[in-house]
Amino acid sequence: MPSVAEARTSRPSVRLAHLGLGHFHRAHQAWYTQHANALPGASDGWGIAAFTGRSPRAAEVLSGQDGVYSLITRAAEGDSAEIVQSIVQASDGAGPEWESTLADASVAVLTVTVTERGYETGNDSSASAGGESAGARIVRGLAARARASAGPIALVSCDNLSGNGEALRRVVLAEADPDLTSWIGENVSFVSTMVDRITPGTVDADCETARELTGYDDAAPVVTEPFSEWIVSGAFPGGRPAWDRVGARFVDDIESYERRKLWLLNAGHTLLAAVGLPRGHETVAAAFADAECRMLLEDLWAEARVVLPFDDETLDAFLTALRARFANPRIAHRLTQIDDGSLQKLRQRQAAIVSARLENGDEPGRASLATVESWGRARGLDLAEALDALQPGLARRVYAS
């Protein structure tokens with residue numbers, strides 16, 4: 001049986017770097033880049049140098065396949081697969097290739113998926129296995145670029161945070177010295193995005209599925225759902241792949257799209273994890289099929305939609321699509337995966353919904369509070385303590401409403 005690496009055709013040169021090599025990047029940004037490179041008339045293409053943020057294991061496995069892997073799209077009616085070869089280099093982010101790649105003038109874009117915790121400063125939650133935070137690592141790469149006079153670069157956050165481009169800017173500037181800060185101001189743009197594609201962890205059986213669908217042995221397949229969305233806002237001074245021609249949408253104001261996704265899809269996931277795990281459920285589909293979880297989820301969506309700037313028809317269509325996605329029994333999106341890093345997730349989701357409703361003169365929302373209460377109970381906190389752990393003073397505001 002041939003290996004996935006033997007599926008290679010001509011590879012594009014490295015023009016794009018990525019920090020946070022994982023399943024989501026390979027199902028989303030690398031997939032969009034693959035499709036942009038395959039457009040009729042595309043010339044040089046954009047090869048990705050992808051770097052791990054914590055453990056080097058993902059890079060080691062992917063390097064053994066020359067960066068080539070299979071992406072399995074798992075719909076309710078069956079699986080399909082395609083070979084993705086936009087990643088032309090996979091490396092440990094703590095290694096020497098990081099600085100040399102960022103110092104290369106051919107590299108015009110750095111995309112980032114370090115999860116919500118990677119944007120926290122002053123504690124170990126943002127640190128890699130080697131003890132270096134995501135912000136410090138990016139600054140080290142930018143310092144190498146400044147020394148090499150390699151020119152402008154766009155930093156593109158692809159994590160589930162409101163204003164993620166600005167969040168990335170803050171993290172980077174917090175680590176930079178005054179001289180580098182000045183260079184960053186002149187040479188670095190920070191791009192915000194809204195990303196959406198459910199990407200569960202891979203299990204051993206997925207390797208066999210990849211073999212059956214592609215005819216290749218693949219030690220690093222990725223499973224994802226059919227749905228994908230990418231909303232982008234910001235400047236690319238050194239150019240970018242033609243993502244807009246393969247489904248990405250470029251907008252001037254991204255905030256409303258961020259909130260729609262965070263407060264409907266992501267907050268829904270957080271609710272199902274917080275409420276579903278104590279009830280013995282393992283996946284989103286299993287929790288969604290539970291009448292009590294489903295009732296709370298529908299209540300959450302009703303609470304969130306009244307503080308979102310979209311008309312009813314738009315929101316109805318979005319929620320109809322969400323119900324189909326959550327119900328897909330063939331996507332094993334594990335609640336433990338969603339629960340990982342839940343403190344920061346709840347701040348951006350349930351706590352933000354509660355705050356928005358209070359500012360709007362509404363009651364805080366039963367389903368949002370039930371989510372926070374269940375999350376806190378699992379950690380030995382009562383509701384008031386859990387609310388204040390998410391946002392200082394939030395409990396007082398809730399009980400005063």
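**Figure 1. How much of this predicted model is tucked away from solvent?** Of the protein's 401 residues, 55% count as buried. Keep in mind that this is a predicted model. The accessible surface comes to about 15,900 Å², and carbon and sulfur atoms own 48% of that. The fold is built from 18 helices and 11 strands. For contacts with a separation of 6 or more, 78% join residues 24 or more positions apart.

**Figure 2. The overall dimensions of the chain.** Along the principal axes, the C-alpha trace spans about 60 × 55 × 40 Å. A compact globule with 401 residues would have a radius of gyration near 21 Å, and the protein, at 21 Å, agrees with that.

**Figure 3. Confidence, and the stretch at residues 122-129.** The average pLDDT for the protein is 94, with 98% of the residues scoring at least 70. Residues 122-129 are where to be careful: pLDDT is below 50 there. Even so, the model gives this stretch 16 contacts beyond near neighbours in sequence.

Figure 4. H8 covers residues 204-214, and its buried residues are Asp206, Cys207, Thr209, Ala210 and Thr214. Look down the axis of H8 and these buried residues fall within an arc of 160°, so they line one face of the helix. What do they pack against? The partners are three strands: S3 (69-75), S4 (78-84) and S9 (222-224). Over on the other side of H8, Asp204, Ala205 and Glu212 are exposed.

Figure 5. Is Cys207 buried or exposed? The cut-off for buried is under 20% relative accessible area, so Cys207, at 19% relative accessibility, counts as buried. Cys293 has 0% relative accessibility and therefore counts as buried too.

**Figure 6. Gly22 in its loop.** Gly22 sits in the loop between strand S1 (14-19) and helix H1 (23-27). With a relative accessible area of 22%, Gly22 is partly exposed. Thr52 is 30 residues away from Gly22 along the chain, yet the C-alpha atoms of the two are separated by 7.5 Å.

Definitions and conventions
Residues numbered from 1 in each chain as written. Predicted model: local features only at pLDDT ≥ 70, side-chain atom pairs only at ≥ 80, totals over all residues. Heavy atoms only, no water. Buried < 20%, exposed > 50% of the residue type's maximum accessible area, 1.4 Å probe, protein only. Helix = DSSP H or I, 4+ residues; strand = E, 2+ residues; numbered from the N terminus. Arc of directions from axis to C-beta. Contact = heavy atoms within 4.5 Å. pLDDT = per-residue confidence, 0-100. Rg over C-alpha atoms; globule rule 2.2 N^0.38 Å. Areas by Shrake-Rupley, 256 points an atom, 1.4 Å probe, with all protein chains shown as cover.
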